[in-house]
Amino acid sequence: MQRFIAAVVVAVALSAPTVAQENTFIMAMTTTPKGFDSDIWVPGQIETSVNVYEGLTRFGTRVGANGQREIEPGKFEAHFSESWTVSPDGKTYVFRIRPGVKSPFGNELTSEDVVWTFNKSTNQKRTGLFIKNVARIDKVEAVSRNEVRFTLTHPNRIFLSVMTLHIPAIFDSTEAKKHASPDDPFASKWLAQNTAGFGPYHVQSVQAGQQAVLIANPNYVFEKPFYTRVIWREVPSAATRVALVRTGQVQYAEQVPLQQIRDLRNDKNINVESFASPGSATVRMNPKLPPFDNEKVRQAVAYATDYKAIGEAVFFGLSTRSRSMLNAPIPGAIDAYQYETNPAQAKKLLAEAGHPNGLDVTLEYSTNWWWEEPLALQMQAALAKAGIRVTPKRIPSTEMNARRAINTWSLPFMTHLTSSFVPDPSYNLFLTAHCKGGSNVNGNCNAKLDELIDASVVERDEKKWLDLVAQAQKVQAEYATFVETYLPGTHEVFVGCMKGFMWRPHNRMVWKDLACKK
């Protein structure tokens, strides 16, 4: 990635009180954040947002088999709320705001901030609106200064999970309104380059192409984090990131390839925290664009894929084969994806689809994830045996993100990581595989599948719900718009003294969990 010679300051120091900066956490990251509005996905936004914005609820935790804290997906606790009530029909929730929740600007959280947040997301018609729709939220209203009411169109299992999220971000609307204008009533331009949350950290400055600095919110209502200052350094080279953490010049290195992970586990000066997270490395086909508008072509690609070679050459035997668009620890996951490598079957399907001499396709990939290029190259080698001649094409992350946007869908064949922030099967199915899903990147529109997903979202009977979820997974596997390969897992690389890491469903590191006490 090209580096800027002159630093361009895109966010200036906030006027909030400064904090003591005796404990600094330095991270080697692939790129500096490109923005901070949780409604707009750009590189670095999610990694920042989960440390700046928090929800009205949070997942409960438990002690796992390894003696470490872990998330308990079905258990919810009050967070920025102190309590809530639910109507008998399950359609009305009233949250009471926790007293003393303040932003770094000193403004206290009220029900009006929550209402303003949801109005902003609705106005932007981006990710937050999808979250609102999938949780069947009809209205968000201030009952009093400290009480906010959510009215749902249908009772559903997803709603309390959604309340744990950083999307829509709960903004300090008092501060944000200072930066609004008639053309930008929700201060979207300012919030894209600055933060105004109630969570543990906020952005102090960003030097594009070099580094970002975040400091602790001095008014954070919960336990103060060990690290009061976070320095986010842009280090595009994975080898350099590894060298920096090995020599102790940084305390953390992100996106370290599995080949290095295997070696780092034997380094006594390094702490590798691993979790079999459900995000799957996939290759997606767009059924709206030829030649992938033919189901037999898509199934041929699934049969032509060499899963064993991918597991060994790309993931070094350290990852788990993905057998569904849902994977553990998500409840209700089944082994729906039953394709095994069979070039002869792939050739037969291609001939039936009108391509007896094979076909030529371009597989586009970016650098959002370290495994994309090696996976694209493995697909090229494997599919050639079935007569599918693949040309791998690397494109910029910004182009990838723009072209895979919902209702744009201009990428016929691409690499993509399947993941979600909510460990609920109905939410995951809706997010990724429903025609209206916020992360439906490949025009995945199947009326039968949509009907099953919609029914699962509102089904309250446990047995019927799990049956709908299982049916949906089977339909999606047969539809074959995803080539499911492996679960890369989460592998976080720290200096040896680091303690406290806990995997969370958004699959991003939470800095307030961490401490290095020598």
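Author: With a relative accessibility of 7%, Glu175 counts as buried, a word kept for residues under 20% relative accessible area, while exposed means over 50% and partly exposed anything in between (1.4 Å probe, protein chains only). What you are looking at is a predicted model, in which local features need pLDDT of at least 70, side-chain atom pairs count only at pLDDT 80 or more, and totals for chains, interfaces and linings use all residues. Residues are numbered from 1 along each chain as its sequence is written, and side-chain values use heavy atoms, with hydrogens and water left out.

Glu175 belongs to helix α5, which runs over residues 173-176; helices (H or I, at least four residues) and strands (E, at least two) are DSSP runs, numbered from the N terminus. The side chain of Glu175 makes a polar contact of 3.1 Å with the side chain of His179, where a polar contact is a pair of N or O atoms within 3.5 Å, one able to donate a hydrogen and the other to accept it within protein, and residues adjacent in sequence count only if both atoms are side-chain atoms. If the neighbours within four places in sequence are set aside, Glu175 is in contact (heavy atoms within 4.5 Å) with Phe105, Asn107 and Trp190.

Asn219 can be examined in the same way, and it sits in the loop between β10 (211-216) and β11 (229-234). Its relative accessible area is 25%, so Asn219 counts as partly exposed. Not counting residues up to four places away in sequence, Asn219 touches Gly100, Lys102, Ser103, Pro104 and Gly106, and its C-alpha atom is separated by 9.0 Å from that of Gly199, a residue 20 places away along the chain.

From here we can turn to the helix α3 (127-134), and to the residues on either side of it. Lys125 is found in the loop between α2 (111-124) and α3, and its phi is near 60 degrees, a positive value in a residue other than glycine. Most residues other than glycine have a negative phi, and most peptide bonds are trans. Lys125 is exposed, with a relative accessible area of 64%. The helix α3, by contrast, is mostly covered, since six of its eight residues are buried; these are Gly128, Leu129, Phe130, Ile131, Lys132 and Val134. What covers these buried residues includes α2, β7 (137-144), α4 (159-162), α14 and α15. Just after α3, Arg136 takes a positive phi of about 60 degrees.

The residues Leu449, Asp450, Leu452, Ile453, Ser456 and Val457 of α15 are buried. Seen down the axis of α15, these buried residues fall within an arc of 165 degrees, and therefore they line one face of the helix; the arc is that of the directions from the helix axis to the C-beta atoms. They pack against α3, α14 (425-433) and α16 (462-479). On the face of α15 turned away from this buried side we find the exposed residues Ala447, Lys448 and Glu451.

A few places in the loops complete the tour. Gln255, in the loop between β12 (252-253) and α8 (258-264), has a positive phi of about 45 degrees although it is not a glycine. The peptide bond from Pro290 to Pro291 is cis, with omega near 0 degrees, and Pro291 lies in the loop between β14 (280-285) and α9 (295-304). The bond from Ala328 to Pro329 is also cis, with omega near 15 degrees, and Pro329 has its place in the loop between β15 (320-321) and α11 (343-352).

Finally, Asn507 lies in the loop between β21 (498-499) and β22 (515-516), and at 17% relative accessibility it counts as buried. The side chains of Asn507 and Thr490 are joined by a polar contact of 2.4 Å, and, leaving aside neighbours within four places in sequence, Asn507 is in contact with Ser277 and Thr490.
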